[in-house]
Amino acid sequence: MDGAGRLARSQRSPRPQADLKAAAIGAAVLLRERLAVRRAPAKPRREREREQHTPRAVALVERYLPNRAGVAATALILLGSAGFGVVRGGHVEELSAALSDTRNAIANSAGFRITTVAINGRKQLTQDEVLAIGGVNGRSSLLFLDADAVRDKLKANPWIGDATVLKLYPGRLQIDIVERSAFALWQQDGRLAVIADDGAVLEPYVTRRFVKLPLVVGKGAETRAKDFLSLLDRYPQVRAQTKAAIFVGERRWNLRLSDGLDIRLPENDVGNALAALSTLDKEDKLFSRDIVAVDMRLPDRLTVQLSDDAAKAREDLLKDKKPKKKAGDA
């Protein structure tokens, strides 16, 4: 006690106050951690370790992308790879055909099978040929048949000048076509083809049914044949003897007759030349003479080339007609 009757304070009295303050601070920290734990449950250890080792960019992507975005991206990558493989491998047509067949099969089962086909206007082509050209087969359904596409395919064929395609539901298909006619045979560079009157090549080869068509030869003859043969028809005497019409230099015509006689026509005024030729045959039997060529290219004259035998006989005849010298003549 001190002199005033009070207990004397020990020099170590501040220590308990400091301990109380530290304890209060520690209690506050523990309370804050407890509240934080309650607000957000603790993550598993593996997840905490993964977050520590995950790159920042990846973490941001995982944080902001919607759920299942990775699955969708994977599916897109697989589809893209499959599509690239189909294109790169050249299987696009096969895949398209398979999808088309599947679609048509569903439509056929639903009652849209093509049960009746009517084709009008065909002469040279058969019904099966017309359907094959148009791309119509037993698997086709009327529901998914593209009438415009079928029409375009038909018109692309040289035999078909025009076509109309009608779909009559539920199962009737009507096709009207306008066929080109075989007009002549055209020979160029040793190759023979069947052509229409406009020069379109109908067949790249000649079958027995076309062998009696008129023959035209040479470059450009296929497009000029219609007018020339029409003119030649006016002179049946000449036309009946003509085996081939030869277009020379893309500017004038020669005639090759059945017996091998060549008629060289002029470039201009061909009608008058044919008329004169017909008259000469009627009056002088020109085509029956022993000649190999008749040249009518000059407007004021006609030149005839004799065969070798005829030329020799003529030469011998001229020799016999020469006057003989008398014995007493000097």
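In this predicted model, the buried residues of helix H8 are Ala221, Glu222, Ala225, Phe228, Leu229, Leu231 and Leu232. They lie on the same side of H8, because the arc they cover around the axis is only 145 degrees. H8 spans residues 221-232, twelve in number, yet the C-alpha atoms at its ends are only 14 Å apart. A straight helix would reach 16 Å at 1.5 Å a residue.

An open sheet is formed by three strands in the order E1-E3-E2, with mixed pairing. E1 (116-120) and E2 (160-168) are the edge strands, each pairing on one side only. On average, neighbouring strands of this sheet are turned by 15 degrees against each other, direction ignored. Strand E3 (residues 172-179) pairs with E1 in the parallel sense over five bridges, and Asp176 in E3 is the bridge partner of Asn120. Two helices pack on this sheet, as listed below.

| Helix | Residues | Strands touched | Angle between directions |
|---|---|---|---|
| H6 | 127-134 | E1 and E3 | about 100 degrees with E1 |
| H7 | 147-155 | E2 and E3 | about 160 degrees with E2 |

E11 pairs in the parallel sense with strand E10 (residues 262-264) over three bridges; Val294 in E11 is the bridge partner of Ile263. Together with helix H10 (residues 270-284), E10 and E11 make a left-handed β-α-β unit. E11 also runs antiparallel to strand E12 (residues 303-306), joined by four bridges, and Gln305 in E12 stands opposite Ala293.

Key:
Residues numbered from 1 in each chain as written. Predicted model: local features only at pLDDT ≥ 70, side-chain atom pairs only at ≥ 80, totals over all residues. Heavy atoms only, no water. Pairing = 2+ DSSP bridges. Right-handed = clockwise from strand over helix to strand, strands pointing away. Expected span 1.5 Å × (residues − 1). Buried < 20%, exposed > 50% of the residue type's maximum accessible area, 1.4 Å probe, protein only. Arc of directions from axis to C-beta. Axes fitted to C-alpha atoms, helices over the stretch in contact; angles between N-to-C directions. Contact = heavy atoms within 4.5 Å.
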